[in-house]
Amino acid sequence: FFQKTLIAIKSWFTLFGWPKGQNPISIPYSLRSDVCKVQTTISQDKVFTRNLSKDKGFCEMLFHLYGDSLPGIAASQLLSRDPVERMLQLHWQHSALLSFLKSLGAYLPHVMPEFLLEPEDYKIWIKAELNMGDVKTSDRFSDKNVFVLEDSTFETMSKRAWTDVLLQIYKVFVLRRISSHDKTDPSSLETVQNMPRIKREPLSSNIYSSYERKILTWLNNNYEKNRKIVWKDCQKGGVPPRRWIVNFDQDLLDGLVLAAQVAAYCPYLIATHFIRMYTNPRTYQQFLHNCLILVKAMHAVNLNVDIKV
């Protein structure tokens, strides 16, 4: 499950996380190294300046998704050539990011700023925490628990930390843009009114956020309004029955709900694709058949988001 989640996150942020097209990422390596890779190129007499307007760095992705500057994260970074000072700069930046995400509703109590560092910087941080490094850093750390992790354990922790940070970035930067429009087509008002409602109050679900419940409402409305239109001439089961869509996995497995969404915006795909779907699928082969048609329909309109059947 964790590996599938990781692949999904990598695909989404690669495709949609950047202002100027696709940019492949690897978790955690490319994210934590884009500010740390200057270690071998830094000169002995200069401070390294990184211009984020030219480099596709993690901060550029943050600015793009948030739509504005972030407190504590500058458009350009001045990194000290001193390893300890440089580590402190990066640690402080990660702390500022985590604090800002939490202020917007991110749930990250288990992610420490040091888990987002490169392995070498993490080792420097451990030495500083244990007062074995530069004396001038000892007063900056006090009264805190120190997690000393082995190399392999740190890599596992770092991957998990970066994965959770990206998930929460998606939650507070992307999902928060979702708004609901209560304008209902009068011709379908009676049908929609007879549907069970999904409550949008913040405390009405301990699984989905209010934004996710708005998406579920959108799925329900589109499916109910379009199922009789999309499959009225279907030869493989007729019009599918009414359903209440309450989750993003089991209720979407047969492809019908997603097909109804696509048909709402691309009705010309009904005759060429969706009419050939099984509307009451029972077997694995029928589920596969429906999902093949759905993916082909998405490709037909250039919606290439790398979704496997």
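Predicted model: local features only at pLDDT ≥ 70, side-chain atom pairs only at ≥ 80, totals over all residues.
Helix α4 is followed by Gly105, a residue whose phi is positive, near 110°.

The chain contains 11 helices and two strands. Read from the N terminus on, the elements are arranged as α-α-β-α-β-α-α-α-α-α-α-α-α. Of the 309 residues in the chain, 42% are buried. Among contacts in the chain with a separation of 6 or more, 64% are made by residues 24 or more positions apart. The chain exposes about 17,600 Å², and carbon and sulfur atoms supply 55% of that area.

Which residues of α1 are buried? They are Leu6, Ile9, Phe13, Thr14 and Leu15. The cover over these buried residues includes α3 (58-66) and α6 (151-174).

The loop between α1 and α2 (29-33) contains Pro19. Pro19 is partly exposed, since its relative accessible area is 41%, a value between the 20% limit for buried residues and the 50% limit for exposed ones. Leaving aside residues up to four places away in sequence, Pro19 touches Glu60 and His64. The C-alpha atoms of Pro19 and Met61 are separated by 7.4 Å, although the two residues are 42 residues apart along the chain.

Charged pairs provide another set of links. Side chains of opposite charge can pair when their charged atoms come close. A search of the whole structure finds nine salt bridges. One of them joins the side chains of Glu120 and Lys123, with an N to O distance of 3.7 Å. Both residues belong to helix α5 (residues 119-129), where they lie three residues apart, about one turn of the helix. An α-helix has 3.6 residues a turn, so residues three or four places apart point the same way. Glu120 counts as partly exposed at 46% relative accessibility, and Lys123 counts as partly exposed at 34%.

Lys123 also meets the side chain of Asp151 in a salt bridge, at 3.8 Å from N to O. Because Lys123 lies in helix α5 and Asp151 in helix α6, this pair ties together parts that are 28 residues apart in sequence. Asp151 is partly exposed, with a relative accessible area of 49%.

A further salt bridge pairs Asp254 with Arg243, whose closest N and O atoms are 2.7 Å apart. Both Asp254 and Arg243 lie in the loop between α8 (210-230) and α9 (256-265), so the pair ties together parts that are 11 residues apart in sequence. Are the two partners buried or partly exposed? Asp254 counts as buried, at 8% relative accessibility, whereas Arg243 is partly exposed, with a relative accessible area of 24%. Elsewhere, salt bridges that share partners join Arg32, Glu118 and Glu155 into one network.

The cysteines can be considered next. A disulfide is a covalent bond between the sulfur atoms of two cysteines. How many disulfides does the structure hold? The structure holds zero. Cys234 counts as buried because its relative accessibility is 8%, under the 20% limit. Cys291 likewise counts as buried, at 14% relative accessibility.

The account ends at the surface. Tyr284, Leu288, Leu292 and Val309 form a nonpolar patch there, with about 380 Å² of accessible area together. Within this group, Leu292 has its place in helix α11 (residues 284-300). Leu292 is partly exposed, with a relative accessible area of 37%, a value over the 30% required for membership of a patch.

Definitions and conventions:
Residues numbered from 1 in each chain as written. Heavy atoms only, no water. Buried < 20%, exposed > 50% of the residue type's maximum accessible area, 1.4 Å probe, protein only. Helix = DSSP H or I, 4+ residues; strand = E, 2+ residues; numbered from the N terminus. Contact = heavy atoms within 4.5 Å. Areas by Shrake-Rupley, 256 points an atom, 1.4 Å probe, with all protein chains shown as cover. Patch = residues over 30% accessible without salt bridge, like charges linked within 9 Å, V, L, I, M, F, W, Y side chains within 5 Å. Salt bridge = Lys/Arg side-chain N within 4 Å of Asp/Glu carboxyl O. Disulfide = S-S within 2.5 Å.
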